[in-house]
Amino acid sequence: MAFAVLRCAAALVVLPFLAAADGPAKMVLVTGATGRTGSLVYALLKEKGVNVRALVRNATKARMILKCSKCDESEGIFVGDVTKKETMSSAMGGVTALAVATSAAPQCKDFKDPSSCSYQKGAYPVDIDFKGGKAQIEAFAMANRNSPGPVVLCSSMGTTQPDGFLEKLGNGHIGFFKLNEEAALMSSGLPFTIVKPCGLTDTEAGQRELLVGHDDSMHESPPIIPRADVARVMVEAILKPTEARDLRFDLCSRAGTATKDISTVFRAARYPWQKSSSLVV
(Lines give C-alpha, C1' and ligand atoms only; values in the text may rest on other atoms or scores of the structure.)
Protein backbone atom coordinates (compact mmCIF):
# COMPACT_ATOMS: atom_id res chain seq x y z
CA MET A 1 0.00 0.00 0.00
CA ALA A 2 1.37 3.43 -0.93
CA PHE A 3 1.36 6.38 1.44
CA ALA A 4 2.40 9.99 1.00
CA VAL A 5 5.68 10.89 2.70
CA LEU A 6 5.76 13.25 5.58
CA ARG A 7 7.39 16.15 5.51
CA CYS A 8 9.51 4.84 21.35
CA ALA A 9 14.26 -12.98 41.47
CA ALA A 10 10.89 -14.76 41.15
CA ALA A 11 9.01 -11.92 42.71
CA LEU A 12 6.56 -9.36 41.43
CA VAL A 13 8.55 -6.56 39.80
CA VAL A 14 7.07 -3.18 38.94
CA LEU A 15 9.20 -1.36 36.37
CA PRO A 16 9.43 2.36 37.14
CA PHE A 17 9.42 5.03 34.43
CA LEU A 18 11.14 8.40 34.37
CA ALA A 19 8.85 10.98 35.94
CA ALA A 20 7.18 13.27 33.45
CA ALA A 21 5.94 16.74 34.18
CA ASP A 22 2.40 16.59 35.55
CA GLY A 23 -0.38 18.20 33.60
CA PRO A 24 -0.07 20.15 30.35
CA ALA A 25 3.43 21.02 29.17
CA LYS A 26 4.63 24.51 30.07
CA MET A 27 7.07 25.05 27.20
CA VAL A 28 6.89 23.05 23.99
CA LEU A 29 9.50 22.93 21.24
CA VAL A 30 8.29 22.01 17.75
CA THR A 31 11.01 20.82 15.39
CA GLY A 32 10.33 20.93 11.68
CA ALA A 33 8.08 23.87 12.54
CA THR A 34 8.08 25.34 9.03
CA GLY A 35 7.05 22.04 7.44
CA ARG A 36 3.47 21.38 6.39
CA THR A 37 2.66 19.31 9.47
CA GLY A 38 4.97 21.02 11.96
CA SER A 39 3.60 24.46 11.15
CA LEU A 40 0.09 23.23 11.97
CA VAL A 41 1.28 21.81 15.30
CA TYR A 42 3.00 25.10 16.11
CA ALA A 43 -0.04 27.21 15.19
CA LEU A 44 -2.46 25.01 17.12
CA LEU A 45 -0.34 25.14 20.27
CA LYS A 46 -0.21 28.93 20.04
CA GLU A 47 -3.96 29.04 19.47
CA LYS A 48 -4.44 27.09 22.68
CA GLY A 49 -2.28 29.54 24.62
CA VAL A 50 0.69 27.20 25.09
CA ASN A 51 4.19 28.66 25.32
CA VAL A 52 5.79 27.31 22.19
CA ARG A 53 9.16 27.50 20.46
CA ALA A 54 10.06 26.59 16.91
CA LEU A 55 13.27 25.01 15.66
CA VAL A 56 13.78 25.99 12.02
CA ARG A 57 16.51 25.82 9.42
CA ASN A 58 16.31 29.48 8.46
CA ALA A 59 14.55 32.57 9.73
CA THR A 60 13.42 33.70 6.28
CA LYS A 61 11.15 30.71 5.82
CA ALA A 62 9.96 31.08 9.42
CA ARG A 63 8.91 34.65 8.70
CA MET A 64 6.84 33.50 5.73
CA ILE A 65 5.18 30.51 7.39
CA LEU A 66 5.07 31.23 11.12
CA LYS A 67 4.29 34.94 10.73
CA CYS A 68 6.95 36.04 13.20
CA SER A 69 8.41 39.55 12.99
CA LYS A 70 11.92 39.43 14.46
CA CYS A 71 12.02 35.67 13.98
CA ASP A 72 14.73 35.24 16.59
CA GLU A 73 15.03 33.71 20.03
CA SER A 74 13.15 36.62 21.60
CA GLU A 75 10.08 35.33 19.74
CA GLY A 76 10.84 31.69 20.40
CA ILE A 77 12.28 31.06 16.93
CA PHE A 78 15.53 29.10 17.06
CA VAL A 79 17.68 28.31 14.04
CA GLY A 80 19.39 24.93 14.16
CA ASP A 81 20.35 21.75 12.34
CA VAL A 82 18.68 18.61 13.65
CA THR A 83 21.68 16.51 12.68
CA LYS A 84 23.95 18.56 14.99
CA LYS A 85 23.08 18.42 18.68
CA GLU A 86 25.20 21.43 19.55
CA THR A 87 23.00 23.69 17.39
CA MET A 88 19.88 22.72 19.36
CA SER A 89 21.04 23.30 22.94
CA SER A 90 19.61 26.82 23.25
CA ALA A 91 16.24 25.77 21.84
CA MET A 92 16.02 22.75 24.16
CA GLY A 93 16.84 24.56 27.40
CA GLY A 94 13.83 24.75 29.71
CA VAL A 95 11.57 22.87 27.32
CA THR A 96 9.09 20.52 29.00
CA ALA A 97 7.82 18.73 25.88
CA LEU A 98 9.14 18.05 22.39
CA ALA A 99 7.09 17.65 19.22
CA VAL A 100 9.15 16.11 16.41
CA ALA A 101 7.76 16.86 12.96
CA THR A 102 10.96 16.59 10.95
CA SER A 103 11.24 14.26 7.98
CA ALA A 104 13.40 13.72 4.94
CA ALA A 105 11.58 14.93 1.84
CA PRO A 106 12.25 13.42 -1.59
CA GLN A 107 12.15 15.53 -4.73
CA CYS A 108 10.19 13.63 -7.40
CA LYS A 109 9.66 14.33 -11.08
CA ASP A 110 6.81 11.83 -10.97
CA PHE A 111 5.74 10.73 -7.49
CA LYS A 112 4.21 7.56 -8.93
CA ASP A 113 7.66 6.57 -10.21
CA PRO A 114 9.99 6.06 -7.21
CA SER A 115 13.03 5.96 -9.49
CA SER A 116 12.38 9.59 -10.44
CA CYS A 117 12.85 10.67 -6.81
CA SER A 118 16.00 11.81 -5.07
CA TYR A 119 17.13 13.39 -1.81
CA GLN A 120 19.53 16.26 -1.36
CA LYS A 121 23.00 15.40 -0.12
CA GLY A 122 22.98 15.24 3.67
CA ALA A 123 19.17 15.14 3.75
CA TYR A 124 18.53 11.44 3.16
CA PRO A 125 16.28 9.56 5.59
CA VAL A 126 19.35 8.18 7.35
CA ASP A 127 20.47 11.77 7.96
CA ILE A 128 17.19 13.44 8.95
CA ASP A 129 14.97 10.69 10.30
CA PHE A 130 17.49 8.41 11.98
CA LYS A 131 20.56 10.48 12.89
CA GLY A 132 18.57 13.70 13.17
CA GLY A 133 15.84 12.02 15.18
CA LYS A 134 18.35 10.54 17.62
CA ALA A 135 20.12 13.89 17.94
CA GLN A 136 16.86 15.64 18.84
CA ILE A 137 15.94 13.03 21.42
CA GLU A 138 19.39 13.13 23.01
CA ALA A 139 19.56 16.94 23.01
CA PHE A 140 16.15 17.14 24.70
CA ALA A 141 17.05 14.52 27.30
CA MET A 142 20.40 16.12 28.12
CA ALA A 143 18.92 19.62 28.43
CA ASN A 144 16.13 18.45 30.72
CA ARG A 145 17.67 15.53 32.56
CA ASN A 146 16.16 16.47 35.93
CA SER A 147 12.53 16.42 34.74
CA PRO A 148 12.20 15.02 31.23
CA GLY A 149 8.81 15.56 29.67
CA PRO A 150 7.04 13.80 26.80
CA VAL A 151 8.29 13.48 23.24
CA VAL A 152 5.58 13.30 20.57
CA LEU A 153 6.91 11.97 17.26
CA CYS A 154 5.22 12.08 13.88
CA SER A 155 6.43 9.00 12.01
CA SER A 156 4.61 7.10 9.25
CA MET A 157 2.64 3.99 8.47
CA GLY A 158 4.29 1.48 6.16
CA THR A 159 7.25 0.65 8.39
CA THR A 160 6.45 -3.10 8.36
CA GLN A 161 6.85 -3.22 4.57
CA PRO A 162 10.55 -3.53 3.63
CA ASP A 163 9.69 -3.64 -0.08
CA GLY A 164 6.99 -1.00 0.15
CA PHE A 165 6.50 2.09 -1.96
CA LEU A 166 8.07 4.46 0.57
CA GLU A 167 11.29 2.48 0.69
CA LYS A 168 11.81 2.84 -3.05
CA LEU A 169 11.55 6.63 -3.16
CA GLY A 170 15.03 7.71 -4.16
CA ASN A 171 16.21 4.37 -2.75
CA GLY A 172 16.19 6.13 0.61
CA HIS A 173 14.44 3.45 2.70
CA ILE A 174 12.61 6.13 4.64
CA GLY A 175 10.30 3.71 6.45
CA PHE A 176 13.27 1.72 7.72
CA PHE A 177 14.96 4.80 9.13
CA LYS A 178 11.73 6.14 10.62
CA LEU A 179 11.28 2.78 12.34
CA ASN A 180 14.77 3.06 13.80
CA GLU A 181 13.99 6.60 14.95
CA GLU A 182 10.95 5.19 16.77
CA ALA A 183 13.13 2.52 18.37
CA ALA A 184 15.61 5.14 19.54
CA LEU A 185 12.82 7.11 21.21
CA MET A 186 11.19 4.05 22.81
CA SER A 187 14.52 2.92 24.28
CA SER A 188 15.50 6.38 25.53
CA GLY A 189 13.55 6.15 28.79
CA LEU A 190 11.61 9.30 27.93
CA PRO A 191 7.80 9.33 27.97
CA PHE A 192 6.69 9.10 24.34
CA THR A 193 3.81 9.11 21.92
CA ILE A 194 4.47 7.93 18.36
CA VAL A 195 1.85 8.83 15.77
CA LYS A 196 2.14 6.94 12.47
CA PRO A 197 -0.20 8.52 9.90
CA CYS A 198 -1.27 7.12 6.56
CA GLY A 199 -1.27 9.29 3.42
CA LEU A 200 -1.33 12.98 4.33
CA THR A 201 -3.65 15.50 2.73
CA ASP A 202 -4.02 19.26 3.17
CA THR A 203 -7.77 19.25 3.79
CA GLU A 204 -9.60 20.69 6.79
CA ALA A 205 -9.41 19.13 10.24
CA GLY A 206 -12.32 17.73 12.20
CA GLN A 207 -14.35 16.50 9.23
CA ARG A 208 -13.49 12.78 9.21
CA GLU A 209 -13.65 9.76 11.50
CA LEU A 210 -10.19 9.01 12.86
CA LEU A 211 -9.10 5.37 12.90
CA VAL A 212 -6.42 3.69 14.97
CA GLY A 213 -4.47 0.51 14.26
CA HIS A 214 -1.11 -1.14 14.73
CA ASP A 215 1.55 -2.58 12.44
CA ASP A 216 -0.09 -1.58 9.15
CA SER A 217 -3.21 -3.61 9.88
CA MET A 218 -5.58 -0.95 8.48
CA HIS A 219 -6.46 -1.05 4.79
CA GLU A 220 -8.61 1.99 4.19
CA SER A 221 -9.26 3.05 0.62
CA PRO A 222 -8.08 5.66 0.03
CA PRO A 223 -5.56 5.59 2.92
CA ILE A 224 -5.65 9.29 3.78
CA ILE A 225 -5.77 11.62 6.74
CA PRO A 226 -5.63 15.44 6.89
CA ARG A 227 -2.36 16.81 8.23
CA ALA A 228 -4.47 19.09 10.38
CA ASP A 229 -5.97 16.06 12.13
CA VAL A 230 -2.50 14.63 12.73
CA ALA A 231 -1.59 17.98 14.28
CA ARG A 232 -4.69 17.79 16.50
CA VAL A 233 -3.64 14.37 17.79
CA MET A 234 -0.05 15.48 18.41
CA VAL A 235 -1.14 18.59 20.29
CA GLU A 236 -3.58 16.65 22.46
CA ALA A 237 -0.82 14.14 23.24
CA ILE A 238 1.27 17.05 24.52
CA LEU A 239 -1.57 18.59 26.51
CA LYS A 240 -2.74 15.23 27.92
CA PRO A 241 0.54 13.37 28.50
CA THR A 242 -0.96 10.85 30.92
CA GLU A 243 -3.59 9.72 28.40
CA ALA A 244 -1.11 9.46 25.52
CA ARG A 245 1.93 8.16 27.38
CA ASP A 246 3.93 5.33 25.82
CA LEU A 247 1.54 4.86 22.90
CA ARG A 248 2.65 3.97 19.39
CA PHE A 249 -0.12 3.67 16.82
CA ASP A 250 -1.14 3.96 13.19
CA LEU A 251 -3.56 6.78 12.40
CA CYS A 252 -5.84 6.99 9.38
CA SER A 253 -9.36 8.24 8.61
CA ARG A 254 -12.53 7.65 6.66
CA ALA A 255 -15.73 9.46 5.81
CA GLY A 256 -18.15 9.15 8.69
CA THR A 257 -18.95 10.70 12.03
CA ALA A 258 -16.19 13.22 12.65
CA THR A 259 -13.97 12.51 15.66
CA LYS A 260 -14.19 15.45 18.04
CA ASP A 261 -12.75 13.97 21.24
CA ILE A 262 -9.11 13.01 20.67
CA SER A 263 -9.07 11.14 23.98
CA THR A 264 -11.00 8.40 22.19
CA VAL A 265 -8.03 8.01 19.84
CA PHE A 266 -5.68 7.40 22.76
CA ARG A 267 -8.04 4.90 24.36
CA ALA A 268 -8.37 3.01 21.08
CA ALA A 269 -4.59 2.96 20.66
CA ARG A 270 -3.98 1.29 24.00
CA TYR A 271 -3.43 -2.46 24.04
CA PRO A 272 -5.35 -4.40 26.72
CA TRP A 273 -2.20 -4.82 28.81
CA GLN A 274 -1.63 -1.05 28.72
CA LYS A 275 -4.78 -0.31 30.66
CA SER A 276 -2.93 -0.23 34.00
CA SER A 277 -0.51 2.54 34.94
CA SER A 278 2.41 0.21 35.71
CA LEU A 279 4.10 -2.51 33.73
CA VAL A 280 4.21 -5.69 35.79
CA VAL A 281 6.39 -8.72 35.00
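How are H1 and H7 oriented to each other? The model is predicted, so local features need pLDDT of at least 70 and side-chain atom pairs count only at pLDDT 80 or more, while totals for chains, interfaces and linings use all residues. Residues are numbered from 1 along each chain as its sequence is written, and side-chain values use heavy atoms, without hydrogens or water.

Helix H1 spans residues 38-47 and helix H7 spans residues 227-239. Helices here are DSSP runs (H or I, at least four residues), and strands are E runs of at least two, numbered from the N terminus. The axes of H1 and H7 come within 9 Å and cross at roughly 50°. Axes are lines fitted to C-alpha atoms, for helices over the stretch in contact, with angles from 0 to 180 degrees between N-to-C directions. H1 and H7 are therefore oblique to each other.

In H1, Leu 40, Val 41, Leu 44 and Leu 45 make contact with H7 residues, including Ala 231, Val 235 and Ile 238. Contact means heavy atoms within 4.5 Å.

Leu 45 is also among the buried residues of H1, as are Val 41 and Leu 44. Buried means under 20% relative accessible area, with a 1.4 Å probe and protein chains only. Strand S2 (28-31), strand S3 (52-56) and H7 are among the elements that cover the buried residues of H1. Beyond four places in sequence, Leu 45 touches Val 28, Val 30, Val 50, Val 52, Val 235 and Ile 238. Just after H1, Gly 49 takes a positive phi of about 80°.

Definitions and conventions:
Parallel < 35°, antiparallel > 145°, perpendicular 65-115°, else oblique. Buried < 20%, exposed > 50% of the residue type's maximum accessible area, 1.4 Å probe, protein only.
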